[in-house]
Amino acid sequence: MSSAPDRMHQPDNQLVDLVFDYMRERLQYDPVPLDHPGDGEHLRSRLAGLLNERGNAATDVLKLYDHELSRAVISADSPRYLSFIPCAPTKAALLFDMVVSCASLQGISWLEAAGAIAAENQVLRLIADRAGLPETAGGTFVSGGSAGNLSALVVARDTARRRLGVGPEARLRIAVADQVHSSVKNTFNIIGVEAFKVPTVDRRFTGEALRAALAADPNPETVIAVVGTAGTTNEGIVDDLQGLSEVTRERGMWFHVDGAYGGAGLFAPSVRERYNGIEHADSFIVDPHKWLFAPFDCAALLYRNPQLARAVHTQDASYLDVLHTEGDEWNPTDYAYHLTRRARGLPLWFSLAVHGTQAYTAAIEEGLTLARETAQVIRDTEHLELLHDPQLSAVCFRRTGWTSEDYYRWSQQLLADQVGFVTPTGWDGETVARFAFVHPGTTMEMVHEILATMA
C-alpha cells in the first residue's frame, strides 16, 4: 500500500483530463471576457474550510476555481483591458508555459538546464541585436521590470564603487527624471543611493537637461549612473537616449535603459528611430509579458558587459562550487539577485520560433496604429482633449468638465457593463483618462464604444 506522500506524486489521469479540459476551454475564449473584481467577504466564505486534513475531490476544487475564483479576476489578456499595461500572450506561449511548468525546470545553471538556457539565450541575443548591443551582451530572464531594474542598478552601484575606490559609506547618486518608473525609486531605497533629479523638457528626459544639471551641481562626481526610459508607463514617452548616452560616455557613468513597457518598440520600424542611443546602454530591460506577448512573469535583463554583473551577483557557497566551471557555462543566477528561478524565457522562445519575428512586428505596429487613430478621434471630438501626441501605444486625454469623481464613476460603470477596463490616471495633479493599447485584438469599434460613454 502506498503512503499518502507517495499518492500525492502518482499520476491521476482523471485530474489530468479535468485540468486539460479546463485549459482547452480557456484557450478557446475569443475574445477573453473581462470578468469582475472580487468581493472579499464572498470569496472568504467560499474558501472557508477548504484547506483541511483530509483534502477534497479534485473536481470540486476545480469547480470552485472555475465558478468563483477565476471570475473574480480581471483578465489582463482581454482586448477590452486597456489599463495599466495589458498582457496579451499568444496561445503558443501559453501552451508552452504549461510545458515549462510540467518539466519542473530549475533554470539557475548550465549544469542543470543547459538546453533551456541555450534557448533563452537565443531570445536574449535577438533582443540585444534589435537594440544594437554588441556580441558580448548577455543576461537573464527575471520576474519583471522591478527585478530587472534592481539587479542592473546594483551592478551600476558596485561597478562605480570599485572605479572610485569608495565603500558603502560613500554618497552616490543616480540621475533620473520625474517620469521614471516607481520601481527605480524603490530600488534606490533598497541599494542605498540617492536620486539626482533632472527636470524634463515636455515630459522627456534629455541629454541637454542632464548636462546642465550636472554642470550646476557642486559634486557631479557622485552621480554614477543615469536611468533613461524607453516608453514611460503613463504616457509612452521615449527619453532622449542618444543625448543621455553621450553624457554618460563623456563622464564615464553607467547608462541603464528601462524599456519594461516600451522596449518592444524596437521591433517596430515605424518608431525604431526613437530608440537611437540605446545601443550605448550598459544595461537594458524589457518585459515580454507586456508588449512581446509572453505570459506573466517574464522580463529580459541584458548587460553590455555581463562579466561586470557576474562579479556582483554570483553567489558563493560550497554547494554551488560545482556550477562554476570552464567551458560553455552560462548560469542565469550570476546575472541578477536571484538564485532559484524557472526558465521563464522559454514560452517567448517557443512562440517566436513558431510565429516568426515578422508576426511580432505586425502585432506591435497594430497597437501603435490603434493609438494614432484613437488620438485623431479624440482631437475630432468636441468634448475630449488629447493631452500628448502618442509616441508609442499609450493615449492620455481628458473629458472637459469632468471631476475626479466623474472619471472614477465612469471607469467603474465601464467595467460593470463589461464594455472596458479603463482606469483613470494622473496628469500634473489632475485626474484624466488613459488607454494602453497592447492587445492586437482590440479594435477601433471597441474604442468608439468606450468613448461614446463619455458623451
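## The end of helix H8

Helix H8 is followed by Gly192, a residue with a positive phi, near 75 degrees. This description concerns a predicted model.

## The two sides of helix H8

Helix H8 spans residues 182–191, and its buried residues are Ser183, Val184, Thr187, Phe188 and Ile191. Viewed down the axis of H8, these buried residues fall within an arc of 150 degrees, so they line one face of the helix. Ser182 and Asn189, on the other side of H8, are exposed.

## The packing of helices H5 and H13

Helix H5, formed by residues 91–103, packs with helix H13, formed by residues 346–355, at an angle of about 135 degrees, and their axes are 8 Å apart. Because of this angle, H5 is oblique to H13. The crossing in which H5 passes H13 is right-handed.

On the H5 side, the contact is made by Ala92, Ala93, Phe96, Asp97 and Val100. These residues meet Leu346, Pro347, Trp349, Phe350, Ser351 and His355 of H13.

Definitions and conventions: Residues numbered from 1 in each chain as written. Predicted model: local features only at pLDDT ≥ 70, side-chain atom pairs only at ≥ 80, totals over all residues. Heavy atoms only, no water. Axes fitted to C-alpha atoms, helices over the stretch in contact; angles between N-to-C directions. Helix = DSSP H or I, 4+ residues; strand = E, 2+ residues; numbered from the N terminus. Parallel < 35°, antiparallel > 145°, perpendicular 65-115°, else oblique. Left-handed = near helix turned anticlockwise from the far one by under 90°. Contact = heavy atoms within 4.5 Å. Buried < 20%, exposed > 50% of the residue type's maximum accessible area, 1.4 Å probe, protein only. Arc of directions from axis to C-beta.
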